[in-house]
Each structure stands twice: as C-alpha cells, then as structure tokens.
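Thanks for coming. I will walk through one structure, chain by chain, and then finish with how the chains meet.

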Amino acid sequence: MQNSTLSSRARDATVVPTREYLAFRLGDEMYAIDILKVQEIRVFEAVTKLPGAPDYIKGVINLRGLIAPVIDLRVKFGFKEAAYGPFTVVIVLYVHDRLVAIVADAVIDVVALTEDEIKPPPEFATSVNVEYVMGLGANGDHMLILLDIEKLVSSQELGLFDAEAAA
Amino acid sequence: MFFQETEEHLAAMEGHLLRLDPRAPDAEALHSIFRAAHSVKGNSTIFGARHLADVMHQIESILDHIRKEELRPTSDVISLLLEACDGVREELRRLKDSGDTDQTALETLHDRLEQLTQAETPDKRRPDESPALTPHRSERFRVEVQLPPGQGIATLPLAELYAELGALGRIEDVQASEGADGSPLLLLFLLTSERHEAVHAKLVSLLGTDALRVVPHESGPRSAAREDAVRPARIGDTAFGLFGDERSALGSLGSASSSIARTTVFDTTTAGRRAADHESSASLFGRRVTDRMFFDRSSIRVDVDKVDRLLNLAGELVIAQSILAEAARRSGAANEAALRDSVAHVARQTRELQDAVMGIRLLPLDYLFSRLPRLVRDLAQKLAKDVELVTEGGGTELDKEMIEKLADPLMHLVRNSLDHGIEPPEAREAAGKRRRGTVEIRASHRGGGILVEVQDDGAGFDRDRILRKAEQRRLPVHPDMSDEQVWQLAFAPGFSTADTVSDVSGRGVGMDVVNRNIRALGGTVEVGSRRGQGTTIALRLPLTLAILDGMSVEIGDECFILPLSFIAEALVPQAGQVKSVTGGHRVVQVRDSYVPLLDLQALLHMPDDSAETGIAIVVEADGRHAALRVDRLLGQQQVVIKSLEANYRHVPGIAGATVLGSGRVALILDVNALLRAGLAPVKGMEELAPEPIER
C-alpha cells in the first residue's frame, strides 16, 4: 500500500544526506512536509463535527481507537474551493506527541531535497503565513511550498491545543 | 524503578510499624519491617545514594535491637522510625525531582537514630555476651556470589575469600552452582556473630562487585538440597544481557522475601528479573507486601500505557465485531445461520476479552486504605485526640486512575473527621461517649458502582453554626431549610465552620474540593449527620472511568452520547406542555412542575433545522433539573470513553468521545457544563437546593 512504500522510503532518508518530504496538493498549489512527521495516509472518511469549532476544523475521526482532529488547510489558507472527492485524502501527522490529520486533495510523491535545493521563503504574499513556510523547493516543473507543519499545527493561530498543552 | 520500589518498601515499613504493639512486638512483623528496610538500603546502595543507605543502616540497627529484645519499641521509638521513613522519603523526592540532596537533614536523622541505638543498648545487653569465637547469638547466612556467564568460579579470589570469611565466622559449606538465568553462582554458608551488613560489606570490598547476596539462612547447609534456586546447568542461556537489571532485582528480591518464597520464585523458569517484578507489583498493595499473602497473588508489573493499548485494541475488536455482525445480518448467504452463530460466538469472546483487559486496571482499595493509619495516628497525636481507625472492604476493586483521584478527597474527609468530628477525649467523656473516637471507612459494591463511606462518631454537623456561617458569607439561608440542604451549604466554595485555621483543616477548601473531585469522577457525595452522634459521608463512584452507560441520541444528523447517570426520564412533549417564558426561554411541564427546556442545538452551535417536536430528556446535575430536546433516541449502550484532549483540546459541553459500532466517532455530552451554560446563572441557594420535582 501507499502507506508502506512511504515509510520504507522514509527509512532510507537516514542513509542519503538529503531530507525527504511528502508532496501533496491543496487546490492548485503543491505543498511539502517533512515525511518523518507523517504517520499514515488515509482515504477521507466522514468526520464527526465538533461543536463550536472553527470552520477549518472539520471534526474528529477514529484512528484505531484514538480520536484525532481533522484540519482542512484549504479553508484555513482561504482557498475558494474545498471539495471532497474520491481522491481526497487525510494525512495523519504525529507532532508533539499528538495525532493530527490534515485534508489534502491528493498526495503526489515523496521528494528528496538537499539543503541547497531549498530556497528561502518568498517575500511576496502567499496564502500561507510566511512564518510557517520553511522554504521553496521544486518537483519537476512544479514549485513546492515547504511547510513547517510542526509549527503550524502547534500554533496558537490554529488553536488545536489547549493553551497550557501547547506551552 | 528505584524510586517506586523504594517508596513501596517504605510504605510497607510504615504499615507494619503502625501496627506494631509496643508491649509484644510481633516477630513476623518485625521481620517484615527489617526486610523492607534492608531492601531500601540495598536499593540505595545500588543507586549510589550512600547517605540514604547510612540512614537505613541505622534503622536496621534499631530494628535489630528490637528484634533481639534489647530495645522496646516504645511509642517514641516508633515515632522516630516513622520520622526517619519520612526523611528518607523526602530525600528520595528531592533526588527524583531535582537530583539535589539535603545532607544535613539526613545527618541529623542519622545522629538521632544512632543516639537511640547507643543509649539504649549497652545497659540492656546481656552480661554473658562476649566476643567469643562461637558467640551466643550467631546467625547463619547464605552468601550468593553471581558471576558473569562464562567466567568460572575459579576466577574469584577464593583463598582470600575463605580467609576473610573464616575470620568473620565459620564457613559451613561451599557450593558451586548455577543461577536461574544460567550464570555461575557461588554459594557459601556462613555461621557468624557478625551482622548481615558487615558480611555484605566485607564481601563487596573483597570482590569489588555488587553481584552478591547475603541472606539469613535458618536451617544450615543441609537444606541446600531444597534450594531449587540452583537450577541444573543450562548452557548457552542467552538471557544474560539483563545482568545489570537482574543484579539489582536480585538484591531487593532476596532481602524482601522469606527464604521459602525465594525458593518458589527461582523455581519458576523465568529469571530473577521477572521474579523481582512479581515482588514489586505485589508491593503496590502496601501492607500486603511482606505478609503471608506475598506470593499468593502472583502479579507482574506492567506499564499503564501497555494496558491502555490493550484496552484500546479490545475496544476496537468489539467495534470490528459489531461491524461483522451487521454485515452478517445483511448478507443473505445460504449458510446464514452458521455465520450468525459464529458471529455470536465472537461477540461473546470479545466481550469477555474486553472485560478481562479492563480488569487489569483495577486495584483494591487497600492501596488507599493502607495510607490512612499513618495519617490518623499522626493527626490524632497532633490534635491530642484518641482515635481508632477501622477500615472495611479494602478488597473492593476500583480503576487505578479512580483510586489515584480518590486519594485526596478521602484523606480530606478523614482529616475533617478527626479535626472537626471527633471531640477531645474529655469532651467525649463529658458527653457520655467512649474516650476513644472511631473513624470507620467502609467500601462496598453498590449496583454498578462502589460506595465508600467515611463515618465518625464525633460531634456531628452543627446546624446552627453552619447557618450562621452561611449568613456571614451572604449565602441565602432561611431557618426552615431541611437538614440535607443545610449540609449542602458545607460544600459551598470557601466554606468552613472552623474558628481557627489549622494546618489540618479549616481553610475552607476541604468539602468544596471533595465535592468537585468526586463529581469529576462521575460520582456523588451525600452527607448524613446527627448532632452529637456523628457524621457519615458517602461517596458513590462508578467502577471505572473508561466505560460509561450511555443513551445514544440523535441531534440534527449527529449522534451524541448522554451519560445514563444524569437521565431522570424521557418524554415526548405534547402540545401545550411546552411554554415560553420571558427572555425567550422555554419550559416543559413534567407532571406538576416546570423544567427549563434547553436548546441543545444552540448550545452546541449546530444549525437549528429540527422540527418543533422531538423528545425531551429530563436530566439532573448538581441538584438542578433541565430537559434537553433531542430528535431521536437511538438506544442505550455501554461506550468506551476516549479522550478528545489527547490529540485536540477541551470542547465546552463535551465530556469526551467514543467510537460507535459503525467506526464513527460520537461525542459524549457534558451534562453539568451544558446545564451551567444553558440555565440562567443562579446564585447561592437556588444553586444548592434542588427544584421541587415529582419523580
């Protein structure tokens, strides 16, 4: 399965002097996150809504008995469209001892990048707060936005954690 | 591991010390204390906490004197020993938290202990006791020296060993053999007048290793035949990587268990490490550690995380099974009956598995009760009261987490009983009561939960005084309130009738905190009190925090779980039964009273698209009633509570989550919070007194 090939490639990352990133698509944009933060990739399933939660928190899902929130970054980043189709996936992340799932339109590839291949974040405005962008990379002709997913997920802005837990 | 184990040994020591009769100290109890003290010492040495070991050594000396009837365990002596336990415990805490040590505190302790041994013993020593070659009181020790595998006995400095040990006493026998894990073992049987520590120290300095044990051996070398500890040679045993662990495990094991028990342990094919685990988890039960029950309840120590994972898996299995059952029901296969049978079978098995795994988390209440004698003793002394503590039903089992969270409220209640309940002996006598007051703690199973009662035969609640205090605190009171309502006042935050604030109780945080903590556990607190006769406080608690009896309800297109314990009744409101009152609130008529009707959809920020009808569920929380409108009742079921906070955050109005048979998540409603949010904020009395409602 997709899952197992990803993790086996992640293991190789320790051998090569590059870091591997999981590239995924949100709308028309390509993003990449540190693959070591990724626990698994699942098909998007029905979520249970949370009362009073912000719109980018879709709800919670059951991950083999653990309850994890599902974040739609497309909503958070202000994309016009945030549709759920058969290819919509959730990427389950393991950050700060917590499980958080993010919605992606598709998972593209695992990309190995050396430090040199990562360009500094742009000065111009992107849909993402530049604070959470580690840099820009390339996958063929496409530009990859490298997200500091750990920082983003634990940010006050996203409000996923109780204040004291985030501290 | 070191800290926990040591803490357990200290607790065991304390337990025995408290029950020690100064006039006729029970030899078995003394042995137990001695063994526990010795384990602490051994552990401290291994851990490198020399100063702790020194203090423990002094304690051992005192115990030794008591054991030899050279010193009477007067109340003062016991107090000093208890104090020493505290000192050691504090030092441990310091070591654990910050790695700091407080040498001076321990030195003071050490000196005081030393004074005791020196002051008391010389004059009581028997005149005929002289350092003769075969002294009057010599003991047999069995010395076990462990060697790394592959290293022969011959590599030891045997000649020196014999010479040195020979100087200490008489070597009765020497055997070369093999330990349970296959490592070579040298056994020496030594008859000596020296103390155990001296022998041990000598050996350590001689061999430069800790991998040895010196244990009292009652019956001389001929019993070596039954030393099953020494198992026949097992070559190529690979279990040896654990040597470091085992060494320490062996140390504590050997000293804490009796010779017979030791044999039993080694008899089991698993190595010492496992055996040590047996021992230390048995110590969880406080005073039972070194009692005769010791090895009757063989147990292993397991990480709570592992149990939780098992619990999760069992829960998942239940869900997977229900999905299977659903599929089986729908499929029109020819062998449907057979399929249904096997599904039913799987269902039974998974339930049993789930129950069994759940049971792992249960601990007997003795674990808590064992801490109380010390508390009562110290407090009674401080308050100059004569109090007897009776505990009953300590075998009642409760979830580990509950036990932990019950500890503080229980201590508080006992403190309260001693401070405010039980009168001073003179006052009791004047009132025609026994001088000695009684605090009784009883635990029992009641229905699906347990009941813990704290009862004292003290003065009881003072109704007038509570009313007066309540008035001062501007709580709404009136003289016609029922006793129950008055007692409830005592649970108001910051309420205390104590005239002076002591460090025992009276700061007014007590009852309020007790009430909150117990409620947080899903339990209730009830008070019964009669002036001059005493007070009973009853805590009712669910068995476990992990499972909840719930009613699944549908609101909009989401399914929620409503804890059954809050539900009073459910009804379908007829036209005219629902009335609007000022401020947009609605009430529903339940027989001859009106109950506020809460709009769950608004409270849960859900789009309100439901029709007017539906079902009103009358719930009760904190003595208040309200009706919650839901669309449909889906059925009653037991749900496994999962944390939302683990990966997300607290959600107002939601107590937790669970996974339904469909694999989907359902949220569990927090009735207390919903009522607080939904009902108009009420103050004082209204909050405390339940609205009159007919059941």
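Before going on, the housekeeping. The model is predicted, so local features need pLDDT of at least 70 and side-chain atom pairs count only at pLDDT 80 or more, while totals for chains, interfaces and linings use all residues. Residues are numbered from 1 along each chain as its sequence is written, and chains are lettered from A and ligands numbered from 1 in the order in which they are written.

Staying with chain A: of its 167 residues, 35% are buried. Buried is set at 20 or more other C-beta atoms within 10 Å of a residue's own, exposed at 12 or fewer, and partly exposed in between, with C-beta atoms placed from the backbone. Two residues are in contact if those C-beta atoms lie within 7 Å. Among contacts in chain A with a separation of 6 or more, 56% are between residues 24 or more positions apart.

Now chain B, starting with its helices. Helix α1(B), residues 2-18, packs on α2(B), residues 27-47, at an angle of about 155 degrees, with the axes 9 Å apart. Axes are lines fitted to C-alpha atoms, for helices over the stretch in contact, and angles run from 0 to 180 degrees between N-to-C directions. α1(B) and α2(B) are therefore roughly antiparallel, the term for angles over 145 degrees. The contact of α1(B) with α2(B) has 11 nonpolar, six polar and one charged residues. For those classes, Ala, Val, Leu, Ile, Met, Phe, Trp, Tyr, Cys and Pro count as nonpolar, Asp, Glu, Lys and Arg as charged, and the others, Gly among them, as polar.

α1(B) has another partner in α4(B), residues 75-97: their axes come within 10 Å and cross at roughly 165 degrees. This pair, too, is therefore roughly antiparallel. On the α1(B) side the contact includes Phe3(B), Leu10(B) and Leu17(B), and on the α4(B) side Ile78(B), Cys85(B) and Leu92(B). Its residues divide into 10 nonpolar, one polar and four charged.

Next, a strand. β14(B), residues 567-571, pairs with β18(B) in the antiparallel sense over four bridges; pairing requires at least two DSSP bridges. In that pair Leu571(B) stands opposite Ala616(B). β18(B) also runs antiparallel to β19(B), residues 624-630, with seven bridges joining them. There, Ala621(B) faces Arg624(B).

One loop residue: His217(B) sits between β4(B), 212-216, and α8(B), 243-256. It counts as buried because it has 21 C-beta neighbours inside 10 Å. Its C-alpha atom is 5.1 Å from that of Arg140(B), 77 residues apart along the chain.

Last, the interface. In it, 21 residues of chain A contact 27 residues of chain B. On the chain A side, β4(A), β5(A) and β7(A) each supply at least two residues, and β5(A) gives the most, with four. By class, that side has 13 nonpolar, four polar and four charged residues.

Key
Angles under 35 degrees count as roughly parallel, over 145 as roughly antiparallel, 65 to 115 as roughly perpendicular and the rest as oblique.
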